[in-house]
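Biologist: I'm new to this one. Can you show it to me and talk me through it?

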Amino acid sequence: MKETMTVHVIGAGLAGSEATWQLVSRKIPVKLHEMRPKKSDPAHHTAYYSELVCSNSLRADNIENAVGLLKEEMRRLDSLIMAQADAHRVPAGGALAVDRMGFAQGVTEAIRNHPLVTVIEEETIDLSFPEEDYVIVATGPLTSEPLSGAIQNLVSQDYFHFFDAAAPIVTLESINEEIAYKASRYGKGEAAYYNCPLNKEEYLRFWEALRTAEVADVKDFEHGMVFEGCMPIEEMAVRGEDTMRFGPLKPVGLPDPRTGEDPYAVVQLRQDNGAGSLFNMVGFQTHLRWPEQKRVFRMIPGLEEAEFIRYGVMHKNSYLNSPLLLDADYSLRSHPHLYFAGQMTGVEGYVESAASGLAAGIYLSRTLSGKAKLLFPRETAIGALSHYISNPEVKHFQPMNINFGLIAPWDGPRIRGKKEKNHAIAMRALDILENYKNLLHN
C-alpha cells in the first residue's frame, strides 16, 4: 500500500460501517465520509451509524434459513454488525431482532473510537478523488441527488429504482393486553410477539377500510416500482381479500388463548427496543397518510387506543444494474479503484447489505496488500451474493434477499427433507468458509 494513497468509504450505514471495520481490522487506515448529522434524508432520524430504518429484525437466526447461515458466516469473519446485533438482541422468537438505538450507538462508538478511522462529516457530491486512491461507495438506496447524478454519469446509464416502506411503531402501554396475547408461531422460541386476533367480520371491515384509505403523495412515484419484499400493506389489500391472510396476517400456529383456536387473521407486533416499551407492526410497511394510519390501524383489535411514536413512511430506493457494471469483488469494471457495497448493488436486506460491505472490505484489503483476488466460494452465502450481483447472465436484475436458490446446489448424497437438506448445505458452507479463512492469511 503506497503512502500517498488513501482509502475512502462513503456512507456509514450497515455496509459502509462493516467495510470500514474490515479494513481497519487489517491495519488499513480509512477516511469515512458521512453527511449526517449535517444533512439527513427522508428515512433516518438520528446521527448514529447503521441506523435501522424499516424494521429492527435481522430475520431468522437458524442456519437452516439462508439469512441465518449468512449471519453465522459473518460472525466467523469477525463482523462488527453481527457483534453489535448479538450484543443488543431483544426477544423475537426464532429471529434476531435488536434494540435499534443501542445497536446503532454500539456501531457508532466502535467506528469513531478506532484509531485508524478518520471521520469526515460532510456530504460527498462527486467522485473526484485522486487517481491512486481507492473508494467504497456505500451510500445506500437513498443516495443524495448530487452523488447519485455523479454515479449515473460515471456508469453512463440510469439507476433502476423501486419504492420501499417502513412500518409504524406503537408503545407497549397502549396495547390492549386483554385482547392482544403473546406467542410465537407454533410455540417456537420465546413467546416474543404480541398477536392481535381478528375474526372474519373484523378482518373484512379492516380490509375494506385499508384498501380504500387515502395514501400520501410520493414524489416521483411510479406504479409498479414497489419491491415485493417490502410491499405496503395497502397494496396487499388492493390485490385481494385474502392476500394479507396469506402474508403478514397469517393466523396459522397462533391460537387465541381465549378460544384455543387459530383466529381468522392475526396482526403481529414485535419488540423494537431493549426496554420492551416499543413494538413495531410486523409487515405493515405503508405510505398511507398519517391520520389515515391512526384511523385504520386502530380498527385492529387490541390497538383501539394505540399510541404511534412513529408512523409508517415510504421512500425511493435506488440500485445499480450490477451484473453489467460490477465484478464479483464489488469493484466497478470500468474503474477498478471504485467499489460499491450495500443495497445500491442490488442485495436486499439489512444482513445482506452488511455482508456486501464485509466482502468488499476484505476484497479491497487483499488488493491493497498486493495479494491475488480470492473470491468467497459460491457454496457460501456471502459468495452466493457476490456471484448474483455480478453475473452477466442474470436477466431482469432486481434486488434479492439471500436464499438457498442462490447458493451452489447440494452435490452430496440425496437428502429428502427440506430442512435437513438446508442444514447440510449450511454445514458445507461453514466448512468451506473455514478453509477460505485459512487462505486469507496466506
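Modeller: Here is a short chat about helix packing, one leucine and the cores. It's a predicted model, where local features need pLDDT of at least 70, side-chain atom pairs count only at pLDDT 80 or more, and totals for chains, interfaces and linings use all residues. Residues are numbered from 1 along each chain as its sequence is written, and side-chain values use heavy atoms, with hydrogens and water left out.

Biologist: At what angle do α2 and α11 pack?

Modeller: Helix α2 (residues 66-76) meets helix α11 (residues 381-390) at about 110 degrees, and their axes are 8 Å apart. That makes the two roughly perpendicular (65 to 115 degrees).

Biologist: Which residues make the contact?

Modeller: Leu-69, Leu-70, Glu-73 and Met-74 from α2, with Ala-381, Ile-382 and Leu-385 from α11; contact means heavy atoms within 4.5 Å.

Biologist: New topic: is Leu-430 buried or exposed?

Modeller: Leu-430 is buried, at 4% relative accessible area (buried is under 20%, with a 1.4 Å probe and protein chains only). Its place is in helix α12 (residues 418-440).

Biologist: What is Leu-430 in contact with?

Modeller: Leaving aside neighbours within four places in sequence, Leu-430 contacts Leu-69, Glu-72, Glu-73 and Arg-76.

Biologist: And how many residues are in the largest nonpolar core?

Modeller: That core has 89 residues, and Leu-70, Met-74 and Ile-151 are among those with the most contacts inside it. A nonpolar core is a set of buried Ala, Val, Leu, Ile, Met, Phe, Trp, Tyr and Cys residues joined through side-chain atoms within 4.5 Å.

Biologist: Which helix gives the most to it?

Modeller: Helix α10 (residues 350-368), with eleven residues.

Key:
Axes are lines fitted to C-alpha atoms, for helices over the stretch in contact, and angles run from 0 to 180 degrees between N-to-C directions. Helices (H or I, at least four residues) and strands (E, at least two) are DSSP runs, numbered from the N terminus. Angles under 35 degrees count as roughly parallel, over 145 as roughly antiparallel, 65 to 115 as roughly perpendicular and the rest as oblique. Buried means under 20% relative accessible area, exposed over 50%, partly exposed in between (1.4 Å probe, protein chains only).
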